[in-house]
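User: I would like to learn how to read the features of a protein model, one at a time. Please give the general idea first and then the case at hand.

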Amino acid sequence: MKKITVIGAGNVGATAVQRMAELEMGDLVMLDIVEGIPQGKALDLMQSAPLMEYDSHIRGTNDYNDITGSDVVVITAGVPRKPGMDRKDLLKINSNIIKDVCTNITEYAPDAVVIVVTNPLDPMTYLASRVLDMPDNRVFGMGGMLDSTRFATFVAMELGCSVKDISAMVIGSHDNLMLPLPQYTTVSGIPITELMDEDTIQELVDRTINGGAEIVKYFKNGSAFYAPAASITHMVESVIRDSKRIMPATAYLKGEYGYDGVYAGVPAKIGREGVEDIIDLKLSDKQKELLTKSVVNIQSSIELLELE
Ligand code: APR
C-alpha cells in the first residue's frame with residue numbers, strides 16, 4: 001500500500017481523502033491543526049469502509065510523526081476564499097501556513113512528492129518549493145487540472161454530449177488570468193473550434209475563468225471542494241501508479257514558454273517523480289500575450305512573499 005498524506009482536513013482535504021479511499025489508492029493520513037477534526041473525520045470514513053468496500057486505512061492526526069514515509073503529501077491547509085475576497089488577499093495568511101506545513105514535511109516526509117492546493121495557488125507552490133528542500137519536479141500545484149475539468153464540463157453541457165469524450169486544457173495562473181485553450185480542447189480528438197462558433201467558445205471560456213467565483217457566490221461562505229478533490233485524486237493517482245498521464249499542473253518552468261524560475265500552469269507528464277516532462281505548446285500571438293500577463297501577475301505575487 002502506498003502512503004498518501006493530506007494536510008488540512010477541511011472540505012477539500014477530507015473530500016479528497018474520501019475519494020482516494022474509495023478508489024483504494026493507498027493508506028491515508030489526514031492531518032490538521034485543529035484537534036479532533038481529523039480524528040473524527042478519519043473514524044467516520046473508516047466506518048464507511050465495510051459498506052463502500054475499501055481496505056484503505058485512514059488515520060486522522062495532529063502529529064507530524066504520522067506522516068513519516070509518505071509517498072505523496074497534498075497540502076490543502078489554509079483559509080478558503082470568501083465572497084469578494086481575491087486569491088491575493090489570501091496570500092499573506094496562507095503563506096504563513098505553507099511555511100509551517102513545509103518545514104514539517106521537510107523534517108518528516110522528505111522523500112514525498114508534494115502537491116500544493118492552497119490558494120493563491122501559483123505563489124503558494126513557489127513558496128512551498130522554496131521552503132521544501134527537494135528537487136523542483138517533486139513539488140507542483142493543482143490548479144489548471146480543476147480549471148480544465150470545469151471547462152470540460154461546460155463544453156459537454158453546451159454540446160449535450162458525454163463528458164467522457166472531452167479533454168480540456170487550461171494553462172497559466174490559477175486565477176482570473178488563466179488561459180483556457182480552445183484549440184487544445186477536444187471532443188474525441190475534434191478541437192472544439194470545429195464544433196462551436198467563436199462567441200459560444202468565449203462564453204465557455206469566461207464561465208471557466210469565473211468557475212471558482214460562481215461557486216463561492218452560491219456558498220457565500222466557503223469555496224468549491226468536490227471538483228478540487230476529484231482533481232487532487234486524478235493527480236495523486238498518476239503519481240502513485242506512475243501512470244505518466246498528461247494533465248495541466250502548476251510546474252516549475254526552466255525556459256519552457258520563455259519563462260524561467262517561476263511556477264505556472266502548463267501541460268505536464270505526471271509520474272512517480274512528480275513532473276517528469278513539460279509540454280511546450282504552440283500558442284497564437286494573442287495567447288502568448290495573455291500568458292505573459294498571467295505569468296507577470298504570478299511573478300508580482302511571488303515578489304510579495306517574504307521568503308527568508
Ligand atoms: N496546519 C494544518 N492545517 C491547517 C493549518 C495549519 N497550519 N491552518 C489551517 N489548517 C486547516 C484548517 O484547520 C482547516 O481544517 O486547513 C483546513 C482548511 O479547510 P477549509 O477551511 O474547509 O478550506 P477548504 O475549502 O478545504 O480549502 C482549503 O484549498 O482550494 C483551496 O482556496 C482553498 O486555500 C484553500 C484550501
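**Reading burial, contacts and pockets**

Analyst: At 46% relative accessibility, N11 counts as partly exposed. Buried means under 20% relative accessible area, exposed means over 50%, and partly exposed is in between (1.4 Å probe, protein chains only). The model is predicted: local features need pLDDT of at least 70 and side-chain atom pairs count only at pLDDT 80 or more, while totals for chains, interfaces and linings use all residues. Residues are numbered from 1 along each chain as its sequence is written, and side-chain values use heavy atoms, with hydrogens and water left out.

User: In which element is N11 found?

Analyst: Helices (H or I, at least four residues) and strands (E, at least two) are DSSP runs, numbered from the N terminus. N11 is found in helix α1. G10 is in the loop between β1 (3-7) and α1 (11-22).

User: Is G10 buried, exposed or partly exposed, and with which residues is it in contact, leaving aside neighbours within four places in sequence?

Analyst: G10 has a relative accessible area of 31%, so it is partly exposed. Contact means heavy atoms within 4.5 Å. Apart from neighbours within four places in sequence, G10 touches T15, D32 and K41.

User: Which residues does the UniProt annotation "binding site" cover?

Analyst: UniProt positions are given in the numbering used here, feature names are shortened, and annotations may be inferred rather than shown by experiment. In this case the unreviewed entry lists G8, A9, G10, N11, V12, G13, D32, N94, V117, T118 and N119 under "binding site". From this set, the lining of the largest pocket takes in G8, A9, G10, N11, V12, G13, D32, N94, V117, T118 and N119. A pocket is defined on a 1 Å grid over the protein atoms alone: it is an open set of points with protein on both sides within 12 Å along at least five of seven lines, unlike a cavity, where a 1.4 Å probe fits but cannot get out. Lining residues have an atom within 4 Å of a point.

User: Where does N94 lie, and is it buried or exposed?

Analyst: N94 lies in helix α4 (residues 90-108). Its relative accessible area is 0%, so N94 is buried. Leaving aside neighbours within four places in sequence, N94 is in contact with G78, V79, T118, N119 and M124.

User: Where does UniProt place the feature "active site"?

Analyst: The unreviewed UniProt entry places "active site" at H174. H174 is in the loop between β8 (170-171) and β9 (179-180). With a relative accessible area of 4%, H174 is buried.

User: How many residues of α5 are buried, and what covers them?

Analyst: For a helix, one reads the count of buried residues and then what covers them. In α5, 9 of its 11 residues are buried, so the helix is mostly covered. The buried residues are L121, D122, P123, M124, T125, Y126, L127, A128 and S129. Their cover includes α4, β5 (113-116), β6 (139-141), β12 (245-254), β13 (260-271) and α10 (285-304).

User: With which residues is Y126 in contact, leaving aside neighbours within four places in sequence?

Analyst: Y126 is found in helix α5 (residues 121-131), and at 11% relative accessibility Y126 counts as buried. Neighbours within four places in sequence aside, Y126 is in contact with G261, Y263, I302, L305 and L307. Y126 and Y252 are 126 residues apart in sequence, yet 7.9 Å apart in space, C-alpha to C-alpha.

User: Is G84 buried or exposed?

Analyst: At 87% relative accessibility, G84 counts as exposed. G84 is in the loop between β4 (72-75) and α4. From C-alpha to C-alpha, G84 and K220 are 9.5 Å apart in space and 136 residues apart in sequence.

User: Which domains does the domain assignment give?

Analyst: Domain bounds come from an automatic or database domain assignment. Here it gives domain 1 (3-143) and domain 2 (144-307). Their centres, taken over C-alpha atoms, are separated by 21 Å. Across the pair, 43 residues of domain 1 are in contact with 52 residues of domain 2.

User: How many helices and strands are in the protein?

Analyst: The protein has 10 helices and 14 strands. Its radius of gyration is 18 Å, close to the 19 Å that the globule rule gives for 308 residues, so the protein is as compact as a globular protein of that length. This radius is taken over C-alpha atoms, and the rule is 2.2 Å times the number of residues to the power 0.38. Buried residues make up 52% of the 308 residues.
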